[in-house]
Amino acid sequence: MFPKKGIQYVADIFHEYPHAFWMLVVINFIDRLGTSLLLPFFALYMTKRFNVGMETAGALFAVWTSSSFIGSFPGGALTDRMGRKGMMVLGLIATSLSHLALGLANTVTLFFIFGFIAGIFTDIASPAYQAMVADILPEQKRSRGFAIVRVAINLSAALGPALGGFIATRSYLVLFIIGAGISLIAAAVVIFVIPETNPLSRPGVVTETTAESFSGYLRTLRDTPFIVFTLISILAWLVYINLSTTLGVFLRNSWGISESGYGWLLSLNAALVVLFQIPITRRIENQHPFSLMAIGALLLGVGFAMFGFFSAYSIYFIAVLVITLGEMVMLPVSNSLVAKYAPEEMRGRYSFMYNLSWGFAYAAGPFLAGLILDKANPDLLWYICGILGLAAALGFEILKGNSTQIILTRKN
């Protein structure tokens, strides 16, 4: 009886959303499968391949993410002016080439150079993905729509780290080559299957000039409630990014847990999202969004703090469970809030500005965390994560009182 109910549940969800949305979900799955093979093992690869410390690996994340600002800045404006599809194709092809170049780099200097170049191009399509979801879905379906996209991403992430850990123990070069090939496949699917959804491409709509498109960023900076929301989000993402950056090095150096053991923790995280993201989002979607953001941030802080208080591998599975619950509450809500803040014609630029919260976290977080891991008591990192999670939760609760009416009265 249960399998029939499960099949009917999936069928009902499938028929509830348009074909274009599901094609976008497939693209996210293919694209992120290549990323999830590689990203969790970058720090492990650098420290092993080039015999450097986590401080140096953290510096690479800072260089990579900082350079991504260069690419994603025009990406947000061009997503609104020229369309979502072209940006997605450009980003996927650039990702493929950069993965291959990183795998062939034979010195840490070349790795940094290729990382800088890769960062410029590989994040150019992020605003396009997020804007396309908002284009396709009406407001009342966006939170659950972003949740479905997250399920697809995490389904790939459930497979990627375990498979990547298996391949990495044998050949990191093969790992980079496979990642490059997957991105090319995703680009081909976008070219032949995905329609353009940019509202400005509709007949009769006046197209912005290039100068007007880029000057639109000034309009986002004048949107004080949105900017405050973005700044508070940075605190939460500084905590969350440790899952895919510094945690693996900590587990290996402090407790001797292998790449494969770390990969299973990440796979658990992804599997939980696949199984429970949609039911949880459906259950909580009528709650106040800023309360949900606060709860999620607090759960992130508690989950990461557990790595500082406990030393048992079995307890780490519980910590990942808490972290995963936090991200399942926060991430679809945060994307839906960005779409609510943004006027229809500026979704790409608002998405870019909000993505800066992630960019800053990835630029500064691994480097600062690396300093702690290399030069201080490693457990201190996880205590700080707990404090940052609590601070973010308090910030979102303050926003709940000050921004509610602004959010509720905006129209897209």
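# Helix packing and burial in a predicted model

L155 is found in helix α8, which covers residues 139–168. The model discussed here is predicted.

User: Which residues is L155 in contact with, leaving aside neighbours within four places in sequence?
Analyst: L155 and L33 are 122 residues apart in sequence, with their C-alpha atoms 8.3 Å apart. Contact requires heavy atoms within 4.5 Å. Beyond its sequence neighbours, L155 is in contact with F29 and V274.

User: N28 lies in helix α2; what is the relative accessible area of N28?
Analyst: Helix α2 spans residues 19–38 and includes N28. Not counting residues up to four places away in sequence, N28 touches Y129, V149 and I153. Buried means under 20%. N28 falls in the buried class, with a relative accessible area of 5%.

User: Are helices α13 and α15 roughly parallel, roughly perpendicular or oblique to each other?
Analyst: The axes of α13 (residues 259–284) and α15 (residues 313–341) come within 8 Å and cross at roughly 40 degrees. Angles under 35 degrees would count as roughly parallel, and 65 to 115 as roughly perpendicular. The crossing is right-handed. The two helices, α13 and α15, are therefore oblique.

User: How many nonpolar residues does the contact of α13 with α15 have?
Analyst: On the α13 side the residues include W264, L265, L268 and F276, and on the α15 side they include Y316, F317, V320 and L321. By class, this contact has one charged residue, five polar residues and, as nonpolar residues, 17.

User: Which residues of helix α12 are buried?
Analyst: Helix α12 runs over residues 247–255. Just after α12, G256 takes a positive phi of about 70 degrees. Within α12, the buried residues are L247, G248, V249, F250 and L251.

User: What is the radius of gyration of the protein chain?
Analyst: The chain has 17 helices and zero strands. For 412 residues the globule rule gives 22 Å, and the chain's value is close to that, so the chain is as compact as a globular protein of that length. Its C-alpha atoms fill a box of roughly 60 × 50 × 40 Å along the principal axes. The radius of gyration is 20 Å.

User: What share of the 412 residues is buried?
Analyst: Among contacts with a separation of 6 or more, 87% join residues 24 or more positions apart. Of the 412 residues in the chain, the buried share is 58%.

How values were computed:
Residues are numbered from 1 along each chain as its sequence is written. This is a predicted model: local features need pLDDT of at least 70, side-chain atom pairs count only at pLDDT 80 or more; totals for chains, interfaces and linings use all residues. Side-chain values use heavy atoms; hydrogens and water are left out. Axes are lines fitted to C-alpha atoms, for helices over the stretch in contact, and angles run from 0 to 180 degrees between N-to-C directions. Helices (H or I, at least four residues) and strands (E, at least two) are DSSP runs, numbered from the N terminus. Angles under 35 degrees count as roughly parallel, over 145 as roughly antiparallel, 65 to 115 as roughly perpendicular and the rest as oblique. A crossing is left-handed if the near helix is turned anticlockwise from the far one by less than a right angle, and right-handed if clockwise. Ala, Val, Leu, Ile, Met, Phe, Trp, Tyr, Cys and Pro count as nonpolar, Asp, Glu, Lys and Arg as charged, and the others, Gly among them, as polar. Buried means under 20% relative accessible area, exposed over 50%, partly exposed in between (1.4 Å probe, protein chains only). The radius of gyration is taken over C-alpha atoms; the globule rule is 2.2 Å times the number of residues to the power 0.38.
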